Amino acid sequence: MGKIKFISFVFVILTSCVQPKNPSFPCAIPKENPSEKITSKPFANPALFYGTGSSFGSYFQQLYRMDKFDEMVMFTSNSSRKKFGDDVLKGFYKSNFKFDFELGKLSCIQKSGDTLNLIYSNAIQFGTRKKIVMPILIESDSCKLLIFSLKNPFQLF
């Protein structure tokens with residue numbers, strides 16, 4: 001009796017794994033066509049680092065904490081670099097840029113023209129919860145910080 005159950009079980013498994021030649025339902029596996037070009041990039045937002053749960057603001061903050069001021073200048077927008085100069089920006093990042101506070105998670109990304117505003121609504125600075133808006137630009141397929149003023153590089157609310 002046990003052998004009959006086992007043989008019928010194996011028969012059901014083997015027959016269910018065979019694909020019919022003319023399926024009555026559409027195939028779920030897409031067929032590849034090498035002549036088609038992919039026009040959209042599904043993860044083409046450089047403001048987010050997919051798979052790590054991080055954002056550009058967190059990355060920029062880590063550069064600050066590791067004293068990588070040259071890389072911070074490289075991740076500053078070209079317009080800000082032309083306006084202030086690389087040496088002034090590097091000196092600003094070394095001495096006057098106070099970015100060693102709890103940034104928190106990225107709340108949202110707001111697009112305004114060419115500028116993306118990274119909004120961190122749970123940042124904690126001096127024991128007070130604040131909303132920080134970090135303006136960035138996408139240049140050469142990478143994210144760059146946009147600085148309007150060296151006195152207040154971020155909008156604090």
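Gln 61 touches Phe 99, Phe 101 and Leu 103, leaving aside residues up to four places away in sequence. The model is predicted. The protein has 5 helices and 7 strands. Buried residues make up 29% of its 157 residues.

**Overall layout**

- From the N terminus on, the elements run α-β-β-α-α-α-α-β-β-β-β-β.
- Take the contacts between residues at least 6 apart in sequence: 46% of them join residues at least 24 apart.

- Gln 61 is found in helix 2.
- Is Gln 61 buried or exposed? Gln 61 is buried, with a relative accessible area of 4%.
- The cut-off for buried is under 20% relative accessible area, and Gln 61 has 4%.
- Gln 61 and Glu 102 are 41 residues apart in sequence. In space, their C-alpha atoms are 9.5 Å apart.

**The nonpolar core**

- The largest nonpolar core has 26 residues.
- Which residues have the most contacts inside this core? They are Phe 60, Tyr 93, Phe 97 and Phe 99.
- Several elements give two or more residues to this core: helix 2, helix 3, helix 5, strand 4, strand 5 (128-139) and strand 6 (142-145).

**Aromatic rings**

- The structure holds 9 aromatic pairs.
- One of them joins Phe 92 and Tyr 93, with ring centres 5.8 Å apart. The planes of Phe 92 and Tyr 93 stand at 45°, so this pair is tilted.
- Phe 92 and Tyr 93 are both buried.
- Ring pairs also build a cluster: Phe 56, Tyr 59, Phe 60, Tyr 64, Phe 75, Phe 92, Tyr 93 and Phe 97 are linked in this way.
- Phe 60, Tyr 93 and Phe 97 belong to this cluster, and they are among the residues with the most contacts inside the largest nonpolar core.

- The buried residues of helix 5 are Leu 89, Phe 92 and Tyr 93.
- How do they sit around the helix, and what arc do they fall within? Seen down the axis of helix 5, the buried residues fall within an arc of 95°, so they line one face.
- The face turned away from the buried side carries the exposed residues Asp 87 and Lys 94.
- The cover over the buried residues of helix 5 includes helix 2, helix 3, helix 4 (78-84) and strand 6.

**Salt bridges**

- A search of the whole structure finds 2 salt bridges.
- In one, the side chains of Lys 90 and Asp 70 meet at 2.8 Å, N to O.
- What does this pair tie together? Lys 90 lies in helix 5 (residues 86-96) and Asp 70 in helix 3 (residues 69-74), so the pair ties together parts that are 20 residues apart in sequence.
- Lys 90 counts as partly exposed, at 26% relative accessibility. Asp 70 also counts as partly exposed, at 48%.
- In another salt bridge, the side chains of Asp 86 and Arg 81 meet at 2.9 Å, N to O.
- Asp 86 counts as partly exposed at 33% relative accessibility, whereas Arg 81 counts as buried at 18%.

**Strands 3 and 4**

- Strand 3 (residues 108-112) and strand 4 (residues 115-125) pair in the antiparallel sense. Their pairing runs over 5 bridges.
- Cys 108 stands opposite Ile 119 in strand 4.
- The hairpin of strand 3 and strand 4 has 2 residues between the strands. In this hairpin, Gly 113 takes a positive phi near 70°.

- Phi of Asp 67 is near 55°, a positive value in a residue other than glycine.
- Where is Asp 67 found? Asp 67 is in the loop between helix 2 (56-65) and helix 3.
- Asp 67 is exposed, with a relative accessible area of 51%.

Technical notes: Residues numbered from 1 in each chain as written. Predicted model: local features only at pLDDT ≥ 70, side-chain atom pairs only at ≥ 80, totals over all residues. Heavy atoms only, no water. Salt bridge = Lys/Arg side-chain N within 4 Å of Asp/Glu carboxyl O. Helix = DSSP H or I, 4+ residues; strand = E, 2+ residues; numbered from the N terminus. Buried < 20%, exposed > 50% of the residue type's maximum accessible area, 1.4 Å probe, protein only. Pairing = 2+ DSSP bridges. Phe/Tyr/Trp six-rings, centres within 6.5 Å; stacked < 30°, edge-to-face > 60°. Core = buried A, V, L, I, M, F, W, Y, C linked by side-chain atoms within 4.5 Å. Arc of directions from axis to C-beta. Contact = heavy atoms within 4.5 Å.
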